[in-house]
Amino acid sequence: MSPTRNYQTQAIVIKQSKLGEFDKIITSYTPEFGKLKAVAKGACRPGSKLGGNVEPLTHSLLLLAKGRNLDIITQSQTIDGFLALKSDLWRISCGLYISELIDSFTMENSENRPLFDLLLDALHQLCQTDGSEIVLRYFELHLLHHLGYRPQLHRCVTCDSPVKPVVNFFSFSQGGILCPHCNSEENHHCEPFALYHSAGEKQPKNLTQDRFPGAISAKSSFPLSVDALKVLRLWQDCDYATAKRVKIKSNLSSELEQVLQCYIIYLLQREVKSVAWLEELKSHLDNHREEN
Amino acid sequence: MASRFSASLAEPVARLVEEFNKLPGIGPKNAQRLTYHLLRSPNEEAKALAEAILALKEKIRLCSICFNITDRDTCSICQDEERDHSKICVVEKPSDILPLERTGKYDGVYHVLHGTINPTQGITISELKIKELLSRLQDSSVTEVIVATNPTLEGETTVMYLQHIITPLGIRVSRLARGLPFGADLEYADDMTLGQALDHRQEF
Ligand SMILES: [Zn+2]
Ligand SMILES: [Zn+2]
């Protein structure tokens with residue numbers, strides 16, 4: 001869809017960067033155009049009429065004019081500033097993480113309406129106080145679905161036999177469950193899997209073996225407990241209300257986090273930067289809670 | 001832009017035009033005007049400018065206490081005993097100190113973070129002068145930290161993080177009030193600004 005000279009769109013701002021002294025480049029996700037980069041002139045000046053409407057994690061209505069290179073935001077109005085989310089350090093960080101995922105996986109001018117709805121929905125969910133971890137996992141799982149990487153969780157991706165209630169494996173390269181038999185077969189002739197095997201890419205300092213022991217040291221698959229599989233299957237086909245009703249203990253929670261984030265890193269072939277901050281913050285907030 | 005003209009210009013002229021053009025707020029036209037101005041001006045003037053630019057890079061360093069820019073080990077603000085050293089105002093960058101000083105309303109000292117927390121750019125605690133701030137709070141008589149980061153999402157994230165780690169030390173953490181900028185129009189204010197302006201409304 002190619003917009004006319006002046007056009008209007010809803011947009012969720014996912015990133016911004018400075019352009020010169022007073023302007024900003026705003027990256028947002030829109031229902032009709034997918035990812036959209038545009039210039040907000042004078043957005044750094046005090047009293048700018050664009051100002052807060054183009055801050056990250058804001059759902060706005062934008063009026064744009066076609067530019068030679070990037071389009072120019074001429075007017076803006078906030079639809080939802082997600083103020084409850086922005087009043088809490090942890091939830092802001094969760095919001096930035098899902099914004100970074102959208103930014104990393106999408107390209108400009110490629111419409112994906114379900115992805116816009118998923119992002120909007122997740123930001124609304126993060127405005128509530130409970131279940132932020134579940135919101136992140138649910139978002140990751142459904143993001144994969146809308147991008148065409150829906151994990152195959154019911155039949156073994158190699159032999160197609162129904163998955164049994166034992167410890168199975170998640171294959172990153174095949175995007176689904178490997179039964180224990182196929183996993184051991186494959187691993188006989190499978191080179192040790194390195195997450196960063198693409199041309200000369202350095203292993204980022206934040207993603208060490210301690211954080212994702214399974215992913216780095218093992219082969220191309222990740223062991224998955226029966227409980228984790230059950231939860232993933234449920235989340236794949238339910239709404240937030242149902243997803244949040246599941247009680248998740250902390251070791252199951254970190255198992256789910258690891259398998260989904262490793263799969264995401266495998267697909268992106270690079271680190272998601274805000275994960276390091278979420279980890280740092282989580283350990284800090286945990287320590288703090290224990291002190292009190 | 002400058003390089004397009006450079007074929008028709010003498011090399012030293014083209015080179016200076018290009019260098020000026022890299023500076024903020026200076027377009028190709030202005031770059032040429034400045035260059036020709038220097039060409040016409042006396043030798044001493046051009047020399048003084050060149051020396052001032054060199055001295056800037058050679059002599060300037062960061063204050064060992066507050067990380068403001070200075071030409072000594074400790075900046076003039078940190079050395080000033082008249083100032084109230086129990087109050088520290090935390091800013092993003094050295095150039096934020098000047099406007100605060102101009103208000104004439106602040107008599108404490110400063111701490112420059114050299115950035116704000118920006119998780120998606122990979123900028124977190126270790127990239128900023130946050131450890132240094134905490135160690136200043138350990139062994140001194142600081143009673144109040146005023147966080148004066150910009151009213152942006154990154155600035156807010158930084159405020160909340162600092163509040164989270166400093167409050168347990170028994171030190172008061174405050175922040176600049178947020179609200180409508182002078183000369184603004186209510187109609188165009190965003191929700192966050194207007195909401196905070198209401199929250200922090202003042203009685204007459
Ligand atoms: Zn199988
Ligand atoms: Zn100093």
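**View 1. A nonpolar surface patch on chain B of the predicted model.** Leu56(B), Ile60(B), Leu62(B) and Ile69(B) form a nonpolar patch on the surface, and their accessible area together is about 340 Å². Patches consist of residues with over 30% relative accessible area and no salt bridge, where nonpolar side chains (Val, Leu, Ile, Met, Phe, Trp, Tyr) are joined within 5 Å and like charges within 9 Å. Accessible areas come from the Shrake-Rupley method with a 1.4 Å probe, and for residues only the protein chains shown count as cover. Ile60(B) sits in the loop between helix 4 (43-59) and strand 1 (61-62) of chain B; helices (H or I, at least four residues) and strands (E, at least two) are DSSP runs numbered from the N terminus. With a relative accessible area of 37%, Ile60(B) is partly exposed (buried is under 20%, exposed over 50%, partly exposed in between, with a 1.4 Å probe and protein chains only).

This is a predicted model, in which local features need pLDDT of at least 70 and side-chain atom pairs count only at pLDDT 80 or more, while totals for chains, interfaces and linings use all residues. Residues are numbered from 1 along each chain as its sequence is written, chains are lettered from A and ligands numbered from 1 in the order in which they are written, and side-chain values use heavy atoms, with hydrogens and water left out.

View 2. Leu64(A) is buried, at a relative accessible area of 0%. Its C-alpha atom is separated by 6.1 Å from that of Gln8(A), 56 residues apart along the chain. Not counting residues up to four places away in sequence, Leu64(A) touches residues including Tyr7(A), Leu36(A), Ala38(A) and Ile73(A), contact meaning heavy atoms within 4.5 Å.

**View 3. The interface of chain A and chain B.** Here 29 residues of chain A are in contact with 23 residues of chain B. The buried area is about 2400 Å², of which carbon and sulfur atoms give 71%; buried area is the accessible area (1.4 Å probe) that two parts lose on being put together, summed over both. Helix 1 (83-86), helix 2 (89-105) and helix 10 (273-291) of chain A are the elements that give two or more residues to the side of chain A that touches chain B. Helix 10 of chain A gives the most, with eight residues. The count of salt bridges between chain A and chain B is zero (a salt bridge is a side-chain nitrogen of Lys or Arg within 4 Å of a carboxyl oxygen of Asp or Glu).

**View 4. Salt bridges within chain A.** Glu133(A) forms a salt bridge with Arg137(A), the closest N and O atoms being 3.1 Å apart. The two residues are separated by about one helical turn because they lie four residues apart in helix 4 (residues 132-146) of chain A. Glu133(A) is partly exposed at 22% relative accessibility, whereas Arg137(A) is buried at 3%. A salt bridge also joins Glu257(A) and Lys282(A), with closest N and O atoms 3.0 Å apart. This pair links distant parts of the chain, 25 residues apart, with Glu257(A) in helix 9 (residues 250-268) and Lys282(A) in helix 10 of chain A. Both Glu257(A) and Lys282(A) are buried. Salt bridges that share partners join Glu133(A), Arg137(A), Glu140(A), Glu257(A) and Lys282(A) into one network.
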